[in-house]
Structures are given as structure tokens and as C-alpha cells.
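Here's a quick walk through a model, meant to be read with the structure open beside you.

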Amino acid sequence: MIRLTIAIASVVLLIGCAGPRFDAGRTETVLPLHRAWVDGRQVEYITTDISDGAMAEAAGVNHVPRLRDAIAARPSVLERVYKFSQGEQISIFQSAPRPVGAANTDRSYSPLWRLVLVTRTTHDPGPELTSEEELLAAEEKGLVSLEVTDIVINCPVTRAVGGGGLAGVR
């Protein structure tokens, strides 16, 4: 009976901590949502940490130089995020959780991203690129150049935009 009471109390406490009303006298942290493309679908994400000091300052997030250590990790814990150098379009993520949330089944997804800088090589911006596949095809055609950096960013995907979730996203 004592074990059952302890188990029930533990569950109630955990549920209370996870609930939207639990505050315990603390304030909330509000982070801006950003959008990115993943396989032709938009997702929303937050940025919490960046390994590059100037970029972290500009984004108003934590500067975490140790994130660079993830580059050498084997097996890799990094995915790629493609950021456009002139800000001409939103970024492209390599993957996203499928579905977003605790039921994610995509074991390759990671919120740690190695930044790949995308630069358009022509004055004509062309159509917006919405997937890694489209981006790599544009690189093959000479429309963009890609520069892999040593910048690592912690950007967890928080939800899919629009209906239908991310069932079709890798």
C-alpha cells in the first residue's frame, strides 16, 4: 500500500510539473519561433545556443563554444542546417522529428545542427528552395555554393506548420 501511495504521489507531482499552470514563483522564458523548410514542409523551431560568439550575440542566445565538440563525435550527432547568406529565404533543415513530440520515431533527427552557408551564384534568385534535395540539385547546376562551417547551433523543432503533421518528412 505504501508503494502504491508513493507511486501515485510521484505521478501527481510529475504531472503537476509538466502542466501549463506550474510556476513555483518563477517566470517563463519566451523564445521567438522561426520557420525552416524540411522536405517541402515548413516547421517551427527555437534557437537556444550557438557555438559562434558573434552569431549568438546577434541572435540573443547562449554562446556555447563546446557545441563545436559535437563535430568530432562519432557517430555524428549533427544534422545540417542550410542558412542563406543574404537572408533571401528561410533555412532548410535536413530532418525533423516525425511526428513532432514524444512519439517521434525518426532516430536520425537531432536538434544539433552544423551550419552550411548557402550563397546564390546568380543574380536571379529563382524559386524558393524547400528541401535539401532541391538545394543539392541547385548546387549541381551551379546556382548556389555551399560552405560547411564549424558553427553548431541548438535548434529544436517544436511543431509542423499547417495541418497534416510531418508524416511525410524524413
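Helices and strands here are DSSP runs, numbered from the N terminus, with helices being H or I of at least four residues and strands being E of at least two. Asp39 isn't a glycine, yet its phi is positive, at about 45°. Most residues other than glycine have a negative phi.

Is Asp39 buried, exposed or partly exposed? Its relative accessibility is 35%, so Asp39 counts as partly exposed (buried is under 20% relative accessible area, exposed is over 50%, and partly exposed is in between, using a 1.4 Å probe and protein chains only).

## Ground rules

This is a predicted model, where local features need pLDDT of at least 70, side-chain atom pairs count only at pLDDT 80 or more, and totals for chains, interfaces and linings use all residues. Residues are numbered from 1 along each chain as its sequence is written, and side-chain values use heavy atoms, leaving out hydrogens and water.

## The chain as a whole

You've got three helices and nine strands to keep track of. Starting at the N terminus, the order is α-β-β-β-α-β-β-β-β-α-β-β.

The chain has 170 residues, and 32% of them count as buried. Take the contacts (heavy atoms within 4.5 Å) with a separation of 6 or more: 68% of those in the chain come from residues 24 or more positions apart.

## Strand S7 and its partners

Which way do S5 and S7 run relative to each other, parallel or antiparallel? Strand S5 (residues 79-84) and strand S7 (residues 112-120) are parallel, joined by six bridges; two strands pair if DSSP finds at least two bridges between them. Arg80 has Arg114 in S7 as its bridge partner.

S7 also runs antiparallel to strand S8 (residues 144-154), with eight bridges joining them. Here Val116 sits opposite Val148 in S8.

## Two cis prolines

Most peptide bonds are trans. Arg74 and Pro75, though, are joined by a cis one with omega about 0°, and Pro75 is in the loop between strand S4 (62-63) and S5.

The bond from Arg98 to Pro99 is cis too, with omega near -10°. You'll find Pro99 in the loop between strand S6 (91-93) and S7.
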